[in-house]
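Please read them alongside the coordinates.

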Amino acid sequence: MNAVQNPERLLPQVAVVVIGYDDAAHVTDAVRSALAQGPAVREVVAVDDCSRDGSVGLLDRLAASEHRLKVIRRRANSGGCGTPRNTGLDAVTSPYVMFLDSDDVLPPGAVDALLDAATGAHAEVAGGLCVRRELPSGREVPWQPRLYALHAVVPHPTLRPRLVHDTLCVNKLYRTGFLREHGIRFPEGRFPYEDVVFTARVLAAAPRIALVPDRVYVWHVRRSAARLSISLDRSGVENWRARTEACRQAYEVLLGAGRKELARVARAKFLDHDLRMYMRELGLRDPAYRRAWWELTRAHLAEYDADDWARNPAAPGRLVGRVVLASPEPRDLPRLRELAARPARLYPPYARAVDGTPVWSEDLPHVSLEPLLTRPVHVLPLAVDAELRPRARGARLRLRLHELYGRVAQASPETVEVEWRRRDDGDEAVRGTTALVPSAGTWTAETTVDLAALAAPGVGTWDLRLRIRFRDGVSRDVTAHALSGAGLLRRSAVPSARHGVVLVQPYATHSGALALRVAPGVRGVLSVAYGRLRRLLH
């Protein structure tokens, strides 16, 4: 909607609350990105959570030349993000408010897009697309892209249950009066994942919501930072305890407000997103962490009722959860990691109960896999092994597709499309198609990997993606389990007519999938050696 059609857009109506703690390196960039949104921004409220690194001085100097910027310094550090956000919200005088973290930025036009949507639809909340930008690579991954694919107005959250999955508070514009009328605030103090509870409180109040496909928030992910953000620092089991508590409270908020369907979706989201993410990393943790994590998870899942488990019983997250709940001690971690992957892979063995029913294992016969017998083939958790062997003139990729209780043979796999996609940008890809050949109850395929094509863009990482095509035209997108063993997952220097030499490193990702690092030429080899040396020294 343009300014003539929407006179409200001519008025400065939006406050942006920026919170920060010891982030002098980035906080002014965040504030400037908010001020640069233009005249729609009436005020920027920067709340410093008692920093010790000079952040307040930088903000004060910026405020001296910018009348829209108000700086608030808390006298004591709160230990979390909720309290400073509440402090900023209390200071806001504008009709609408947004939230921004000190290490992120608002892209140009974000406020205008959200304000137009909110005022045009008379909505209490407007949300847009957030992108996670990996630094320093610059690779961007959209957050909940399905939800923000098109312009839409949702009169009531129950009409779009998927809203429960977007637990971010920063990619949205809120009517300030709506938040205050319903007493919607963030949890105080050191409460990790405070936005999970805040979002549940917003949805429980049944706002009218406008959605836009515009990019409205850039979430910077700095995995090499000295101090990781709460959402990235998952090394301690307390992080998992905090996450399960936040999800529990979100469920209780929705259920207590009579939003039973949304509460069910919140529990399903925990299984499909949170549980699977942490399960993929569980094998990397020490035994003490695993035991504590397992105990916490079983206690949380014990609160689920029969209806929670009955919905979509073959979904990977539910199968993972049922195995954890059925087992007092950690077990089958490599196989659970495969099942928690995206897309899911159910790795052998494929056990059956005495009556022939598919089950997780012979010693867990009450964890039934029977729903897999009727699940559409294009969503089955198909398992494919991959072994990559670098050779003098390239590399040989061998694939093996496993049977799954007769479903694969029934669908008759014919070909596999092999795609290597460059991780840093996600745009460049090298593709090929090869036939799948039946072989002793499995299907195999072999193809050559064009290392020269992978090396052409320079040093980089490539992820393997596969598309299995069946006789009736149906297809299934999968990743491949990286086999280890003699001669596999080893760094090799391969001669190249174009580059002289290409350094090739096949490896297994956290989810067990095959990926490939490539470094062309002497310069590329030296850059890899330098990076390895730097990591060892630090």
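1. Of the 538 residues of the protein chain, 54% are buried, where buried means under 20% relative accessible area, exposed over 50% and partly exposed in between, with a 1.4 Å probe and protein chains only. The model is predicted: local features need pLDDT of at least 70, side-chain atom pairs count only at pLDDT 80 or more, and totals for chains, interfaces and linings use all residues. Numbering starts from 1 along each chain as its sequence is written, and side-chain values use heavy atoms, with hydrogens and water left out.

2. The C-alpha trace spans about 70 × 60 × 50 Å along its principal axes.

3. The protein chain holds 15 helices and 24 strands. These are DSSP runs numbered from the N terminus: helices are H or I with at least four residues, strands E with at least two.

4. Among contacts (heavy atoms within 4.5 Å) with a separation of 6 or more, 70% come from residues 24 or more positions apart.

5. Helix α6, residues 194-204, is mostly covered, with 10 of its 11 residues buried. Just after α6, A206 takes a positive phi of about 55 degrees.
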